Amino acid sequence: MVHRYAVKISGKERVVEIEEINGAGYRIVVDGVERKIEAREVEPGVWSLLEGVAQTIAQIDGTAPKLTIEIGRLGESVVVPVEVIPARSAAVAALVRREDAGAGKAVTLRAPMPGRVVKILVKVGDLLAAGQAAVVVEAMKMENELRAPRGGVVKELRCAEGAAVEAGQDLVVIG
């Protein structure tokens, strides 16, 4: 079962989908950007998150609706304030309630955290398959491939190679 939430991450309202995958991990989609994560609680409030071969430790302070997540590895960390909220905009509220959220609509790949665009793998007009990498962003000395959550055509590039990006910044629009 897919659970959808309106969430404020670092002050910006987002739609988050969470689906458990056969007890082997979670499929998490934030504003159309999908990640598959293996997660296990190593002690109360401290989780080991594994995406592919990249491991991150997340420490969660507080409880819903307001909490702070500290994400890091090897002495580097980023503190992210998160708040589960009632959707403030009608569009976000409608998307949270819909069964087919986002199907057939343009999808925008956004920077998951502050970083730098290392490589743009597509150009406007390219046809993308679901799961195909579109842009590579370096954050916390780690390269993250942002992949298309569904197939479509690249409508816009809103970033440039070498550019610094903020968390939540629009990078690629897929229609």
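**Exercise 1.** In this predicted model, does R27 count as buried or exposed, and at what relative accessibility?

*Solution.* Begin with the cut-off, under which a residue is buried when its relative accessible area is under 20%. The relative accessibility of R27 is 18%, so R27 counts as buried. Next, look for the partner of R27, which is E19: the two form a salt bridge in which the closest N and O atoms are 3.2 Å apart. Finally, turn to E19, whose relative accessible area of 24% makes this residue partly exposed.

**Exercise 2.** Find which residue forms a salt bridge with R116, and work out which strands the pair ties together.

*Solution.* The partner of R116 is E138, and the closest N and O atoms of this salt bridge are 3.8 Å apart. R116 belongs to strand β10 (residues 115–120), while E138 belongs to strand β12 (residues 133–139), and therefore the pair ties together parts that lie 22 residues apart in sequence. As for accessibility, R116 is partly exposed at 35%, and E138 is likewise partly exposed, with a relative accessible area of 28%.

**Exercise 3.** Describe the salt bridge between R158 and E156, and state which residues are linked with them in a network.

*Solution.* First, the closest N and O atoms of R158 and E156 are 3.0 Å apart. Second, R158 is partly exposed at a relative accessible area of 36%, and E156, at 35% relative accessibility, also counts as partly exposed. Third, the network of salt bridges links R158 and E156 with R110 and D170. To place these pairs in context, a search of the whole structure finds 7 salt bridges.

Technical notes: Residues are numbered from 1 along each chain as its sequence is written. This is a predicted model: local features need pLDDT of at least 70, side-chain atom pairs count only at pLDDT 80 or more; totals for chains, interfaces and linings use all residues. Side-chain values use heavy atoms; hydrogens and water are left out. A salt bridge is a side-chain nitrogen of Lys or Arg within 4 Å of a carboxyl oxygen of Asp or Glu. Buried means under 20% relative accessible area, exposed over 50%, partly exposed in between (1.4 Å probe, protein chains only). Helices (H or I, at least four residues) and strands (E, at least two) are DSSP runs, numbered from the N terminus.
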